[in-house]
Amino acid sequence: MAAPLPAFVTRRRPDWDALKELLDRQRAGTLRLGELRTLDVLYRRAAADLAHAQTFYAGTDVHRFLNQLCGQAYATIYQPPRERLASTLAFFRQDFPRTLRANGAFVAASAGLFLLGILLGAVVVLLEPRGAELLVPEHLRDFIARKEMWTDGILTVSPPNAVASGIATNNLTVTIVTFASGILLGLGTVFVLINNGVHLGSVAALCVHEGMGAKLFDFIAAHGPVELSIIVIAGGAGLMVGQALVDPGELPRGQALALRGREAVKLVLGCAPFLALIAVVEGFVSPGDFFSSWVKATLGLALGGFFWLYLLRAGRDAPGPTPVG
Amino acid sequence: MNSAPSPSLDVATPERVSLSLPVAGIGYRCLAYLVDLFILFVFWVVAYFTFTLLVSDVVGFFQGLSGLAQTLLVVGVFATQWVYWTAAEVLMGGQTPGKRLMGIRVVRVDGSPVGVLESAVRNLVRVVDSLPLVYAVGVLSVLLTRQHRRLGDLLAGTLLVREERIDLDKYTAPTVGAMALPTATHSERLTAEDVELILSFLTRAPELEPQARARLGTKLVERYGGLDEAGRATVLASAQSTEAFLRARVQAER
């Protein structure tokens with residue numbers, strides 16, 4: 001027979017209060033090593049009390065209180081390992097490139113969709129130049145009609161580091177949207193990839209058609225390879241998410257989604273610093289004619305080459321668990 | 001007491017006790033979001049006014065100076081949009097300031113705290129949840145899923161649990177006033193539900209309308225008192241004596 005509720009609370013409450021105080025101290029970071037044992041003992045006792053309350057006092061405030069107390073203690077005791085600087089380094093040395101290689105098929109599919117978009121846009125504009133009115137935004141058409149690059153002006157308006165930070169955040173937003181819209185059964189990502197491809201292809205084709213191909217190449221050459229690679233990788237991440245939704249395999253959809261989501265976001269987080277770096281190039285090097293086209297092209301190819309060399313080689317030999325793919 | 005079954009997160013601990021944590025619904029989520037939005041808004045208002053106090057010619061200042069200032073501005077806007085949420089959730093144990101105020105917390109579906117990856121996922125997918133406007137997709141997802149999760153939570157494998165402020169003092173509060181009250185003559189033991197009922201009445205009694213207070217008190221005394229006619233009349237003479245008797249009745253149970 002269970003003790004009456006007030007007696008139970010009066011008898012056990014000191015332990016609960018002590019546990020609560022230890023948990024607060026742990027959160028504040030002032031817990032001493034010797035107190036860990038006490039914390040452990042108190043948690044086990046509270047868990048036993050919870051089991052007792054579940055049986056005899058279900059639905060009372062004491063039951064709810066113990067549930068919450070044990071929940072907090074459980075979260076404190078069974079914490080996942082903390083992410084620190086070392087694990088950040090390990091992430092870029094091994095985890096990120098490995099995850100990318102393990103999911104290479106998705107990145108390839110994403111690249112295919114992007115190329116398809118570029119081809120569509122380019123073919124439409126080259127075969128039927130009036131199609132540009134549909135595909136290329138009006139302010140860009142105005143610039144091209146005047147035989148000017150719309151990028152010539154940006155450095156006269158604001159200094160390069162402001163341009164670079166603006167570009168970086170803009171590109172990060174595009175990357176994030178490309179990845180996140182994968183949650184819409186992958187269709188969002190497919191749309192973003194093809195749409196961006198068509199946009200790029202049609203603008204490029206219009207420039208070539210109007211005899212400004214060299215100017216466009218001059219602007220794109222330095223940052224293009226890495227930037228487009230990153231969009232494609234983010235697209236791959238979005239497709240991973242979409243695939244988990246459409247075909248979760250042997251897992252329940254929810255679990256497959258959570259598992260895939262963790263993997264996919266690694267690709268986006270991994271790309272972020274490279275995106276910031278390439279924005280610096282796009283802000284400082286790409287506009288204007290301080291560097292010649294050939295310098296820009298060489299720089300762009302070198303950066304792109306290094307980026308992919310890193311993605312394909314890094315962490316290949318080092319020991320460590322292979323990521324779940 | 002739990003009239004409407006509210007969804008909960010059930011966790012099996014290694015101690016072989018199953019926890020069940022209450023899940024935060026759309027109301028808590030919206031309020032926490034609004035609080036966070038308000039904090040960011042205030043931050044920018046304060047930043048703006050400090051800035052305009054320090055610099056008289058704002059437009060000229062922006063055009064004249066300011067590679068660095070413009071960079072800071074762009075980075076600041078970006079940080080408030082994307083980094084604020086994840087940074088707060090990782091550093092504050094699954095809570096943003098708004099969530100802490102509302103007493104809700106982000107946890108993984110197994111009840112453990114969120115890490116960088118989960119938090120990043122759920123906050124990056126925020127951009128889809130906020131489509132097409134005023135979080136329509138997110139709201140639909142929260143309303144339609146059993147554990148009230150938005151798309152970002154589904155992809156990250158997280159959800160929001162509530163932390164209630166539960167007062168245990170009511171169980172241990174001492175009997176007030178040494179009034180000479182008749183004690184129960186033929187009382188049977190109270191069950192846990194009975195104790196809970198009487199205690200929740202005692203907690204709320206001071207805020208009740210006098211009539212309702214008297215009516216409920218009388219009902220409880222008649223149900224659990226076990227008094228004869230004379231004793232009941234003494235006890236029911238005033239609200240104080242009624243409640244003191246009920247408290248003593250609960251305390252007698254230890």
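What percentage of the contacts in chain A with a separation of 6 or more comes from residues 24 or more positions apart?

Reply: The model is predicted, so local features need pLDDT of at least 70 and side-chain atom pairs count only at pLDDT 80 or more, while totals for chains, interfaces and linings use all residues. Residues are numbered from 1 along each chain as its sequence is written, and chains are lettered from A and ligands numbered from 1 in the order in which they are written.

The figure is 80% of the contacts in chain A with a separation of 6 or more. A contact here means two residues whose C-beta atoms, placed from the backbone, lie within 7 Å.

Chain A has 14 helices and 0 strands, where helices (H or I, at least four residues) and strands (E, at least two) are DSSP runs numbered from the N terminus. The domain assignment, automatic or from a database, gives domain 1 (5-77) and domain 2 (86-313) in chain A. Their centres, taken over C-alpha atoms, are 51 Å apart.

For chain A, an unreviewed UniProt entry lists "transmembrane region" at residues 105-127, 172-193, 228-246, 267-285 and 291-312; such annotations may be inferred rather than shown by experiment, and their positions follow the numbering used here, with feature names shortened. Residues 172-193 of chain A are 73% helix and 0% strand, with end C-alpha atoms 15 Å apart. For residues 267-285 of chain A, the share is 95% helix and 0% strand, and the end C-alpha atoms lie 26 Å apart.

Of the 325 residues of chain A, 43% count as buried. Buried means 20 or more other C-beta atoms within 10 Å of a residue's own; 12 or fewer is exposed, and in between is partly exposed. A nonpolar core joins buried Ala, Val, Leu, Ile, Met, Phe, Trp, Tyr and Cys residues through C-beta atoms within 7 Å. The largest has 68 residues, and those with the most contacts inside it include I233(A), A234(A) and L124(B). Leaving out residues up to four places away in sequence, A234(A) touches T175(A), T178(A), F179(A), L267(A), V268(A) and C271(A).

Chain A also meets chain B, in a contact of 54 residues from chain A and 49 residues from chain B. On the side of chain A, α1 (5-28), α2 (35-56), α3 (61-77), α9 (160-180) and α13 (253-284) each supply at least two residues. That side divides into 30 nonpolar, 16 polar and 8 charged residues, with Ala, Val, Leu, Ile, Met, Phe, Trp, Tyr, Cys and Pro as nonpolar, Asp, Glu, Lys and Arg as charged, and the others, Gly among them, as polar.
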